[in-house]
Amino acid sequence: SQAIYVAAELGVADHLTAGPRTAVDLAARVGADADALSRVLRFLTGLGLLEEVAPRTFALTAQGATLRSDVAGSLRATARMVVSDYHWQSWGALLTAVRTGETAFQRVHGTGLFEYLAARPDAQRLFADAMTANTARAGTGIAASYDFSGIGTLADIGGGRGLLLATLLRAYPHLSGLLFDRAEVVADAAATFAAEGVAARSTIVSGDFFTAVPAG
């Protein structure tokens with residue numbers, strides 16, 4: 001997990017988009033030690049994310065290409081978020097959580113996840129990037145697999161930046177949509193709805209679903 005995180009955080013896949021590069025070249029581009037990076041790259045080769053096409057020269061595989069920033073549904077933000085320090089430390093308390101029933105995140109950080117993110121804009125942005133990328137991978141499939149034709153207004157509770165709701169509104173032109181999430185999260189939602197051409201059928205409401213959700 002940490003090896004994948006390192007590759008995602010450094011943007012290794014983005015630097016291999018144009019073709020193979022040596023470990024020395026990559027290290028210079030991402031600001032890393034060439035020998036240490038080379039060892040990680042060889043490990044990632046064993047995982048199937050890279051191919052060593054010549055000694056200490058690496059290329060992306062199809063699986064590794066999912067870590068590129070410029071591909072639809074990129075896994076880069078997810079990898080960066082899931083193995084970032086605050087998540088990684090929480091997983092370190094899993095045994096205690098299982099034994100006691102406590103929430104590991106609360107025990108380690110002394111606060112809940114969403115309160116933690118609200119106080120750290122960079123972490124909040126990365127979390128939102130990861131959630132949006134998840135939707136980019138799944139949204140079209142959800143729209144095709146479930147019949148929303150009998151619904152007039154669809155509310156997405158905890159819907160982040162609104163990409164899933166926008167995808168469904170685009171697939172079902174009769175639908176109106178209501179997006180509900182924390183204020184710092186839905187701040188980017190208007191741009192999402194505008195880009196997807198569904199702004200006229202979208203309503204954005206901010207709040208905390210642990211406290212209440214919009215009536216009706």
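**Exercise 1. Determine how many aromatic pairs the structure holds, and classify the pair of Phe114 and Phe209.**

Solution. Rings of Phe, Tyr and Trp (its six-membered ring) pair if their centres lie within 6.5 Å. By this rule there are 9 aromatic pairs. The model is a predicted one, in which local features need pLDDT of at least 70 and side-chain atom pairs count only at pLDDT 80 or more, whereas totals for chains, interfaces and linings use all residues. Residues are numbered from 1 along each chain as its sequence is written, and side-chain values use heavy atoms, with hydrogens and water left out.

Step 1. Planes under 30 degrees apart count as stacked, over 60 as edge-to-face and the rest as tilted. The ring centres of Phe114 and Phe209 are 6.5 Å apart and their planes stand at 75°, so this pair is edge-to-face.

Step 2. Next, locate the partners, with helices (H or I, at least four residues) and strands (E, at least two) taken as DSSP runs numbered from the N terminus. Phe114 belongs to helix α9 (residues 113-118), while Phe209 is in the segment after β6 (202-206); the two are 95 residues apart, and the pair links distant parts of the chain.

Step 3. Buried means under 20% relative accessible area, exposed over 50%, and partly exposed in between (1.4 Å probe, protein chains only). Phe114, with 27%, is partly exposed, and Phe209, with 35%, is partly exposed.

Step 4. Ring pairs join Phe114, Phe127, Phe209 and Phe210 into a cluster.

**Exercise 2. Describe the largest nonpolar core and the place of Leu50.**

Solution. Step 1. A nonpolar core is a set of buried Ala, Val, Leu, Ile, Met, Phe, Trp, Tyr and Cys residues joined through side-chain atoms within 4.5 Å. The largest core has 18 residues, of which Val12, Leu26, Leu37, Leu41, Leu44, Leu50 and Leu67 touch the most other members.

Step 1. At least two residues of this core come from each of α1 (2-10), α2 (12-15), α3 (23-30) and α4 (34-47). With 4 residues, α3 gives the most to this core.

Step 2. Another core, of 14 residues, lies apart from it; Ala166, Leu169, Leu175 and Val186 are among its members.

Step 3. Leu50 lies in strand β2 (residues 50-54) and is buried, with a relative accessible area of 6%. Contact means heavy atoms within 4.5 Å. Not counting residues up to four places away in sequence, Leu50 touches Leu16, Leu41, Leu44, Thr45, Phe58, Ala59, Leu60 and Thr61.

**Exercise 3. Give the strand order of the open sheet and identify its edge strands.**

Solution. Step 1. Two strands pair if DSSP finds at least two bridges between them. The open sheet has 3 strands in the order β4-β5-β6, with parallel pairing.

Step 1. β4 (153-157) and β6 are the edge strands, each pairing on one side only. Over 5 bridges, β4 and strand β5 (residues 176-181) pair in the parallel sense, and Thr153 stands opposite Ser176 in β5.
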